[in-house]
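Dear colleague,

I am passing on the structure we talked about, and my notes on it follow below. Please keep it open beside the text while you read.

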Amino acid sequence: MAAAMDHAGENISNHITAPPTAKSSHPPRGDGNPKESSPFINSTSSSDVEKSQQYDGKNMALFEEEMDTSPMVSSLLSSLANYSNLTQGSKEHEEAENNEEARKKPATQAPRMGTVMGVYLPCMQNILGVILFLRMTWLVGIGGVLGTFTIVFMCCSTTMLTAISMSAIATNGVVPAGGSYYMISRSLGPEFGGAVGICFYLGTTFAGAMYILGCIEILLIYIVPAAAIFKLEGLEGPEAEAALLNNMRVYGTIVLTLMSIVVFVGVKYVNKLALVFLACVILSILAVYAGVIKSSFDPPDFPVCALGNRILVSKGFDVCAKTIERDNGTVTTKLWKMFCDSEFLNATCDEYFINNNISQIQGIPGIRSGILAENLFGYFMEKGDFIEKRGLMSASYPDAPVTNANRYVLADITTFFTLLVGIYFPSVTGIMAGSNRSGDLQDAQKSIPVGTILAILTTSTIYMTCVVLFGACVDGVVLRDKFGEGVNGNLVIGTLAWPSPWVIVIGSFFSTCGAGLQSLTGAPRLLQAIARDGIIPFLRIFGHGKANGEPTWALLLTASICEIGIIIASLDSVAPILSMFFLMCYMFVNLACALQTLLRTPNWRPRFKFYHWALSFLGMSLCLSLMFICSWYYAIVAMVIAGCIYKYIEFCGAEKEWGDGIRGISLSAARYALMRLEEGPPHTKNWRPQILVLVSLDAEQNVEQPRLLSLTSQLKAGKGLTIVGTSVEGTYLNNHPQVQKAEQSVRKLMETEKVKGFCQVVISSNLRDATSHLIQAGGLGGLRHNTVLVSWPRNWKLPEENHRWRNFIEIVRETTAGHLALIVPKNISAYPSNGERFTEGHIDVWWIVHDGGMLMLLPFLLRQHKVWRKCKMRIFTVAQMDDNSIQMKKDLLTFLYHLRLDAEVEVVEMQDSDISAYTYEKTLVMEQRSQILKEMHLTKNEREREIQSITDVSRGSIRRKNPSNLRSQQSTGEEPASASVEEKPEEESVRLSRPRQVQLLQGKSTSPTPTSPTSPTVPTPSATTPGEEVQMTWSDDGEKGKIPPVVNPENIKDMFNMKPEWENLNQFNVRRMHHAQKLNEVIVKKSQEAKLVLLNMPGPPKNRTGEENYMEFMEVLTEGLNRVLLVRGGGREVITIYS
């Protein structure tokens, strides 16, 4: 029954939706989405039928067309509930190695771990390690209880604050495998993430070297000293030190090789032994606490022999005395023989030995002995100083030479407070162990904060109590004895342990081995995670590994870097190195949490609530302080490494968008800066051209004038704002794909031309409105363009290009109205590309009217670029008859000196001259085109044919009058060789030789009245004022046709031959044409060889008539020049003489 109902419903649905399908031959309407033509309900495709059945009867008919992009909530929740994180390494690799059929069968999910096994115990194992067993007693002895407690408290506070920040980040969503690197990179972005990830990797790698060195130190000094290849017996000072370091290097390399093989064979062995190693650590610590308790009522017997107040090396003698009574006589001891030349009482002995007594000190006096008061304060020493007992008498002479120094316990390094910080800090690292296993946890968001903070609290308590207990139980001379030379070569912490020192020795040996294996296991996986992210291209090879994912290449690199630490060979030298890298990592974890909290990004919703940005900043400050406290030069090196990696990723790495905090900072900073810019316009000193580049596109959505962006790059040099704007004709819904293609094309060209800026594509029903929208709406707030760069319209005289020059003039008007500067390069195809270089030449500036200084500023900016750098700047200014040209030059030189501009100066005098016949002819041809079109109310095609007949006849009359003086030249670069045949004769007609023009004038009975280019009136009887003269335009749209029979060629010829026709011309146009022609003569004479000519651009006529006349004036003004940059100021000063 239900199936029948469903079937009926389906038929009803088909019936209801039938009308639209009946019109399927028409293109889909609306937003043009192809899904509209094949909805699920009335589709016949198999996939659509399945979808129809899937959503039928679920009340989803309204949304069924969007199910591909917007799934149902039930399916979304189902996919989220089944989320599994299989990118973690160790468990799955172990299963893959054990199971031969693992490749054929789908990987089974490894059992997840809880808080204790997954976070707490691994953190404990990583935090408690080599420093506790090998250096903690020495730190207490050197720094004192108070000083060491301060160091421990400071370092533990740093890791606790970092753990709080890390917990907030780790609980802000699912943390996949990768742990700390993943958290930092996704919070601070790929640049910071990569830099800190590499630092964390290097820290982990050097930690492996430190653990191996600790392991070798325990082996060679405390377990089997006889195994040393380079023997220490009989060596003193530097020789003994070199022998010890060489032993460390040889055995360290062997152990590193063995550990690398174990890790390569399989991490399963490391994982299985991890609990054993952890048990060794816990047993060792319990043995120490048991020994402290026992010392309160039964202190262990570890006597220390002192000569005067100097502690003696316990090897080489059995009795702590100079002589002993035996058989009623005095017999010398082995100790006597060490300082004297014979065993007899009358032997010659060391002076210090003779003058001081031998005493025996109890090394472990016990917790109730009150030794704590003696150990409260520090006892810093220079390298080679004697370990001395406070309070014991010593008879010594400062100037006496030191002999038998190898018999005493000496300080092996110079100590100071900051050194102790650097050596101790690695003992609190390891807090990331839990977050690094995030993929193996049942509930990472719960386990990571609880387990990590509990582990830090536990280990911090252990460290702090150990500091106090060591100071209260062990004598200071034993604490300062780093290698236990005064206590029979025992590990100092072992002397306190119960039941035997060997518990600590064996336990610390296995714990250091385990920690080294853990480092060699974790570091390659961290490098593999970084490599697989692809943010550092040259590391990509390390993302590969064995078939089961084991990072083979990364392990090889890790072992190689680890060998560097082994070659250093000194535990005290390696520890500050890894302290730097860990501190930098922790610093950025705190920074990430603080930024996310302060920016209040919508996605920042951590489940861990016990955090605050002030705590994160405090932790970050502590990390930075500790870096410079430990070692300022190591800190600088670590920062340089991180900075280089940051810049490398920024310039060469893959683009990643991870929603990071740095992007949030950029947005906040940008908003703040934009709000500040709104407060007022920039000062003249800060003014620079913020350019809106208007480019046009061809039919394939490619930029027509690529050299326009080359000029932009040369002008901007990456500074300031650049917006490359273009327009597409149509509607947004229908033409959106074209916009995307256009934007992609413009961005690609911007990248090629190295133009740093923004691309903006506007769709409008016509290109004129789109350009206007770009000029009006470009930019944001105070960051808007103040200059428009647009190319001179090509082929503007062709009828089909009529819209180009009209749009251009509107752009000029709009920039003037908007108080924007305008830069118009003419003949843009002749401009140099970014790869070209001018080795010599000039940039000529023709300063005709003052425009706020744009003409001075633009050459200076261009000469900053390598293309124009070798060009020299020349400034020409025009003087009239009544101007003092000598004084003008002096004033201009002074002005340029104050502007700090280096340029040659020349003042050009413009002589008043008669208006030539050429000028009248050119003006007449220009006006006739407008006037005849006005008088003839013809159709569109007829008007075009009429224009053709007028121009042809006028050219013919001039040819007949001047047959020998015509010369054929092409236009000055804007019209290509493919210009129409009808246009070429006109170009010829405007190039009459100057002598012939004079003959034309002299051949008439009267001559025109001389006029100055700037005189307001022309004393011609028939002339009218410019305001009274009506200028008409002529239409040039449509196609050219044949000459109509309406116009009499003879009438046109007579019109050109009659002088009254000249006198009836609009004298305003005649004067403008005369000024353009005279100015062009001067410019061509002075600047024809210049690489670039900049000159003031006159404004278009205020009324809408005669616009094509304006274009003719500009053509005459720039005729004969190769590269011209027409410049209009924006109505404000852009250059100043003040600092």
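**Aromatic pairs**

Tryptophan 604 counts as buried because its relative accessibility is 10%, where buried means under 20% relative accessible area, exposed over 50% and partly exposed in between, with a 1.4 Å probe and protein chains only. The model is a predicted one, in which local features need pLDDT of at least 70 and side-chain atom pairs count only at pLDDT 80 or more, while totals for chains, interfaces and linings use all residues. Residues are numbered from 1 along each chain as its sequence is written, and side-chain values use heavy atoms, with hydrogens and water left out.

The structure holds 23 aromatic pairs; rings of Phe, Tyr and Trp (its six-membered ring) pair if their centres lie within 6.5 Å, and planes under 30 degrees apart count as stacked, over 60 as edge-to-face and the rest as tilted. Tryptophan 604 and tyrosine 611 have ring centres 5.8 Å apart and planes at 80°, so this pair is edge-to-face. Tryptophan 846 and phenylalanine 876, by contrast, are stacked, at 4.6 Å centre to centre with 10° between the planes. Because tryptophan 846 lies in strand E11 and phenylalanine 876 in strand E12, the pair ties together parts that are 30 residues apart in sequence, and both residues are buried. Helices (H or I, at least four residues) and strands (E, at least two) are DSSP runs, numbered from the N terminus.

Ring pairs also link Trp336, Phe339, Tyr352, Phe353, Phe386 and Tyr408 into a cluster. The charged end of arginine 310 sits over the ring of tyrosine 408, 5.3 Å from its centre, and the charged end of lysine 482 sits over the ring of tryptophan 138, 4.3 Å from its centre; the criterion is NZ of Lys or CZ of Arg within 6 Å of the ring centre and within 35 degrees of the ring normal.

**Strands around E12**

Strand E12 (residues 872-879) is mostly covered, with 7 of its 8 residues buried. Strand E11 (residues 842-847) runs parallel to E12 and is joined to it by 6 bridges, two strands being paired if DSSP finds at least two bridges between them. The chain crosses from E11 through H29 to E12 in a right-handed β-α-β crossover, a term that applies if, with the strands pointing away from the viewer, the path from the first strand over the helix to the second runs clockwise. Helix H29 (residues 854-862) is itself mostly covered, 8 of its 9 residues being buried. On the other pairing of E12, 6 bridges join it to E13, again in parallel, and E12, H30 and E13 make a right-handed β-α-β unit.

**Nonpolar cores**

The largest nonpolar core has 173 residues, of which Leu188, Met210, Tyr424, Tyr463, Phe470 and Phe588 touch the most other members; such a core is a set of buried Ala, Val, Leu, Ile, Met, Phe, Trp, Tyr and Cys residues joined through side-chain atoms within 4.5 Å. Helix H9 (residues 179-223) gives the most to this core, with 25 residues. A second, separate core of 54 residues includes Leu697, Ile823, Leu861 and Leu1094.

**Backbone points to check**

The peptide bond from tryptophan 498 to proline 499 is cis, with omega near 15°. Arginine 900, although not a glycine, has a positive phi of about 60°, and it counts as exposed because its relative accessibility is 56%.

With best wishes
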